[in-house]
Amino acid sequence: MFPVLETARLRLRELTLEDVPAIFRCFSNEAVTRYYGQEPFVDTQQAIKQFAKNFEQKRGIRWGIERKDSNEVIGTIGFHLWSAAHHRAEIGYEIHPDYWRQGYIKEAVQKVIAYGFQDMNLNRIGAVVFLENEASSQLLMKLGFQQEGILRDYMYQNGQAYDTFIYSLLKKEE
């Protein structure tokens with residue numbers, strides 16, 4: 001069963017095909033995908049189906065970020081590259097620019113981190129962030145992630161290679 005998580009202002013829940021318009025607004029927005037490591041995409045139905053498949057196969061979990069006051073999906077958050085055998089996963093998230101700098105991502109990340117350590121038995125949560133994505137780097141550092149180094153030419157986007165920071169948070173540091 002897909003877990004539903006709640007914070008003061010948000011409900012993190014499984015995405016459905018009814019969420020296609022909201023997810024399309026996010027993933028087709030170049031400001032959102034600028035640091036996502038892939039081109040803006042339009043096949044949102046396929047993305048939602050892939051999120052479900054990853055969960056079924058225990059390779060990842062992706063929640064829709066829904067505002068409780070409006071039941072509006074404003075982004076997604078989750079774990080990918082999940083390895084239960086090695087007790088690790090990487091966290092990723094995005095939110096529509098209309099909701100940037102309002103604390104929604106921080107609220108969602110804190111809840112997902114707690115879920116990862118407590119319910120998924122993770123020991124390590126990693127994050128890969130484009131060097132230019134200062135907002136995400138600052139957020140992760142505020143939440144206790146440590147910058148481990150730079151992965152050179154790690155992500156390709158628009159035909160260009162980009163360096164990324166690698167961050168981690170260990171359960172014992174929580």
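Reply: A cavity here is a set of grid points where a 1.4 Å probe fits but cannot get out. The volume of such a space is that filled by probe spheres set on the points. The model is a predicted one.

A search of the whole structure for cavities of 30 Å³ or more finds one. About 50 Å³ of space lies in this largest cavity. Its lining consists of Phe2, Glu14, Leu15, Ile48, Phe51, Ala52, Phe55 and Arg62. By class, six of these residues are nonpolar and two are charged, with no polar residue among them. Helix H3, residues 44–56, gives the most to this lining, with four residues.

Glu14 lines the cavity and falls within strand E2, which covers residues 10–14. Arg62 is also in the lining, and strand E3, residues 61–67, includes that position. E2 and E3 run antiparallel and are joined by five bridges. Along this pair, Arg13 stands opposite Gly64 in E3.

E2 and E3 belong to an open sheet of eight strands with mixed pairing, in the order E1-E2-E3-E4-E5-E6-E8-E7. Strand E1 (5–6) and strand E7 (146–157) are at the edges with a single partner strand each, so one side of each has no neighbour in the sheet.

Gly149 stands opposite Ile166 in E8. E7 and E8 form a hairpin with two residues between the strands, and in this hairpin Asn158 takes a positive phi near 50°. E8 is also joined to E6, by seven bridges, again in an antiparallel run. In that pairing Val129 stands opposite Phe165 in E8.

Helix H4, residues 104–118, lies across E1, E2, E3, E4, E5, E6 and E8, and runs at about 160° to E5.

About 1400 Å³ lies in the largest pocket. That pocket is lined by 48 residues, with Tyr36, Gly92, Tyr93, Glu94 and Ser136 nearest its centre. By class, the pocket lining has 26 nonpolar, twelve polar and ten charged residues.

How values were computed
Residues are numbered from 1 along each chain as its sequence is written. This is a predicted model: local features need pLDDT of at least 70, side-chain atom pairs count only at pLDDT 80 or more; totals for chains, interfaces and linings use all residues. Side-chain values use heavy atoms; hydrogens and water are left out. On a 1 Å grid over the protein atoms alone, a cavity is a set of points where a 1.4 Å probe fits but cannot get out, and a pocket is an open set with protein on both sides within 12 Å along at least five of seven lines; lining residues have an atom within 4 Å of a point. Ala, Val, Leu, Ile, Met, Phe, Trp, Tyr, Cys and Pro count as nonpolar, Asp, Glu, Lys and Arg as charged, and the others, Gly among them, as polar. Two strands pair if DSSP finds at least two bridges between them. Contact means heavy atoms within 4.5 Å. Axes are lines fitted to C-alpha atoms, for helices over the stretch in contact, and angles run from 0 to 180 degrees between N-to-C directions.
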